[in-house]
Amino acid sequence: MKFNFIVSKWANFYFFVSNLSEWHFSNQKDYNILWRKELGSFSPEEENTIKQFKEIHLRYPFGKLYLGRQFFLENNPWVVLEQKLLSEDFINLKNIFSLLNNKFDSLYENDLSLLNRWQENLNKFANNEELANKILLSLNALYKNFVQKKEVNVYLLFSTSDHTGGGVNIDSKNISLEISRYPAEGVSHAIGIIWHEIIHSCFQKQYFFPMLLKQFPNDKKKVDLINEIVAATLFPSGMLGIRLLKNKPAAKLYPGINEKQTIELLNLTKEYLDQKKHFNEDYIKRISLIIKEGYEKFIPQI
């Protein structure tokens, strides 16, 4: 696995506007609080454009329609977006970015050196061939796959100093990592997040996710929740993150999961790792039993 770490102004501009709009429940509210504190008050016109962006984005959510893709993949996203969007949406979107440009530039100017530093650190530590081979061997066995080495682009985005995360909404060859202000000593945790997202983009689709759908055909929430929990039992603070990256074990594996459940989930995945077994229907049933307590309170974070 070869990772190319990219600092893109357009990708960060999209992430900034998208997160401010809170068009999706997975937005990072603490980022918005920090940005608004640092950037000062937004004018009524700027606030209206943020609301308008949410309305537009809801028409182009995920999959083939995903509005954000061109901001990551194109040097000039507007060329493709003009063909992709309704004419009125395209004109309004350009106006939104124009009105928010000064606010974004102020933030980007402040964080650019931090993003560049992370790009250097991750280039230095993340592309370790021996480490990648060990991880691929374990993931292929667990997920009953054969994913060969491939190149993945990792777009580095804004973050706070105590919060980082990742995303796989672009496509299977491109992921994102929110990292700018995260402490440099957290590089192993950052690498763990990258591999967590690689699980979602490369490993789960062929065998594991269809098996989940078969077990819970009428419960999308449970499917999404278990899928996310299983990846978390591996990286960044799950069993492979602990063993191969020396990350500290997760105190709580997922929002709403308590410490007792976390230990049980980690031990279950450890059992399958140690015995070199692939995840199967029995594994899924045991996961479901562990998370049964408090299940109605869980909100999938994907």
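This report describes aromatic pairs, charge-over-ring contacts, a helix crossing and the surroundings of one phenylalanine in a predicted model.

## Aromatic pairs

Another edge-to-face pair is formed by Y272 and Y283, with 4.9 Å from centre to centre and 70 degrees between the planes. Here the residues are eleven positions apart, and the pair links helix α13 (residues 259-274), which holds Y272, to helix α14 (residues 281-290), which holds Y283. Y272 has a relative accessibility of 1% and counts as buried, because the cut-off for that class is under 20%. Y283 is buried as well, with a relative accessible area of 0%.

## Charges over rings

The ring of Y272 also takes part in a contact with a lysine: K277 lies over its face, 4.3 Å from the ring centre. A further arrangement of this kind involves an arginine, as the charged end of R36 sits over the ring of F42 at 4.6 Å from its centre.

## Crossing of helices α11 and α14

Helix α14, which carries Y283, also meets helix α11 (residues 220-232); the two axes come within 11 Å and cross at roughly 100 degrees. An angle of 65 to 115 degrees counts as roughly perpendicular, so α11 is placed in that class relative to α14.

On the α11 side, the contact is made by K222, I226 and V230, and on the α14 side by Y283, I284, I287 and S288. Sorted by class, the residues of this contact comprise five nonpolar, one polar and one charged.

## Surroundings of F203

F203 is located in helix α9 (residues 187-203) and is buried, with 0% relative accessibility. Leaving aside residues up to four places away in sequence, F203 touches L136, L139, N140, Y143, N145, V147 and I198.

The C-alpha atom of F203 is separated by 17 Å from that of E281, a residue 78 positions away along the chain.

Definitions and conventions
Residues numbered from 1 in each chain as written. Predicted model: local features only at pLDDT ≥ 70, side-chain atom pairs only at ≥ 80, totals over all residues. Heavy atoms only, no water. Phe/Tyr/Trp six-rings, centres within 6.5 Å; stacked < 30°, edge-to-face > 60°. Helix = DSSP H or I, 4+ residues; strand = E, 2+ residues; numbered from the N terminus. Buried < 20%, exposed > 50% of the residue type's maximum accessible area, 1.4 Å probe, protein only. Lys NZ or Arg CZ within 6 Å of the ring centre and 35° of its normal. Axes fitted to C-alpha atoms, helices over the stretch in contact; angles between N-to-C directions. Parallel < 35°, antiparallel > 145°, perpendicular 65-115°, else oblique. Contact = heavy atoms within 4.5 Å. Nonpolar A, V, L, I, M, F, W, Y, C, P; charged D, E, K, R; others polar.
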